[in-house]
Amino acid sequence: IKALGRMTYGIYVLTSRYEEEINGMIASWVSQVSYDPLMIMAAVHTNRYSHNLIDKSACFALHVLAADQSAVLGRFKGSDPTAKFSSIQWQPGRTGCPVLKECIAYFECRVTAKYTPGNHTLFLGEVLEAQVIGEGNILSSLDYDGVYLGKS
C-alpha cells in the first residue's frame with residue numbers, strides 16, 4: 001500500500017548479540033512505548049538474522065543517527081556480520097550488544113515482552129542504559145532514499 005510510504009519514521013541501527021555472534025541492521029519501525037519504566041519497541045521481521053539473536057539473548061541496542069550519517073546505513077545492509085563491524089568503532093555495551101561510537105545517542109535494552117501480530121515481532125525493551133553522544137538533526141525516512149513497506 002503506497003500510502004504507508006508517506007508515514008515518517010526515524011532510521012536507526014539496531015545491534016544484537018547472542019554469545020559470540022553479533023549483528024547490526026537498519027530499523028525504522030521503532031517507538032518509545034513507556035516512560036515509567038522507560039521502554040522502546042522495535043519491530044523485526046521473523047526471517048532476519050537479528051531476530052534470532054534478539055530472541056535468544058533478550059537484548060538489543062538502538063542507535064540514533066544524524067541526518068548526515070546516512071552513508072553508515074550501507075554497511076548494515078549486507079549479510080556478513082563481520083564485515084558490518086569492520087572499520088567502524090564500537091564496543092560491547094552493558095548487555096554485550098555492540099554500541100556504536102559514532103551516533104547521536106544509543107539505548108541498550110533488555111527484552112521484557114514480545115508480540116508477533118503479523119510477520120514482524122515487536123520486541124519491547126526496557127532501557128538499561130542510554131546516552132547522548134553527539135548533536136545534529138536526526139536521520140529520518142525523509143532523509144533516506146529507501147522506503148520499507150514490506151511485501152504485500
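Mentor: We will look at a helix, then at charged pairs. Keep in mind that this is a predicted model.

Trainee: Which residues of H1 are buried?
Mentor: First the general idea. An α-helix has 3.6 residues a turn, so residues three or four places apart point the same way. Now the case. H1 buries Ser50, His51, Leu53, Ile54 and Ser57. Viewed down the axis of H1, these buried residues fall within an arc of 165°, so they line one face of the helix.

Trainee: What covers the buried residues of H1?
Mentor: Several strands contribute. The cover includes E1 (12–18), E2 (21–27), E4 (38–45), E5 (59–64), E8 (105–115) and E9 (120–132).

Trainee: Is serine 57 buried or exposed?
Mentor: Compare its accessibility with the cut-off: under 20% means buried. Serine 57 has 16% relative accessibility, so it counts as buried. It sits in helix H1, which spans residues 49–57.

Trainee: What does the side chain of serine 57 reach?
Mentor: It reaches the backbone oxygen of arginine 17, at 2.8 Å. A polar atom of that serine 57 side chain also lies 3.4 Å from the backbone nitrogen of cysteine 59. Setting aside neighbours within four places in sequence, serine 57 contacts Arg17 and Tyr18.

Trainee: Now the charged pairs. How many salt bridges are there?
Mentor: The general idea: side chains of opposite charge can pair when their charged atoms come close. The cut-off here is a Lys or Arg side-chain nitrogen within 4 Å of an Asp or Glu carboxyl oxygen. By this rule there are 3 salt bridges.

Trainee: Which residue forms a salt bridge with aspartate 55?
Mentor: Lysine 114, with the closest N and O atoms 2.2 Å apart. The pair ties helix H1 to strand E8, across 59 residues of chain. Aspartate 55 is partly exposed, at 36% relative accessibility. Lysine 114 is partly exposed too, at 44%.

Trainee: Where are glutamate 129 and arginine 94, the next pair?
Mentor: Their side chains meet at 3.9 Å, N to O. Glutamate 129 is in strand E9, and arginine 94 is in the loop between E6 (90–92) and E7 (98–100), 35 residues apart. Arginine 94 is exposed, at 57%, whereas glutamate 129 is partly exposed, at 28%.

Trainee: And what of arginine 110 and glutamate 126?
Mentor: They form a salt bridge at 2.9 Å, N to O. This one links strand E8 with strand E9, 16 residues apart.

Conventions
Residues numbered from 1 in each chain as written. Predicted model: local features only at pLDDT ≥ 70, side-chain atom pairs only at ≥ 80, totals over all residues. Heavy atoms only, no water. Helix = DSSP H or I, 4+ residues; strand = E, 2+ residues; numbered from the N terminus. Buried < 20%, exposed > 50% of the residue type's maximum accessible area, 1.4 Å probe, protein only. Polar contact = N/O pair within 3.5 Å; in protein donor to acceptor, adjacent residues only side chain to side chain. Contact = heavy atoms within 4.5 Å. Arc of directions from axis to C-beta.
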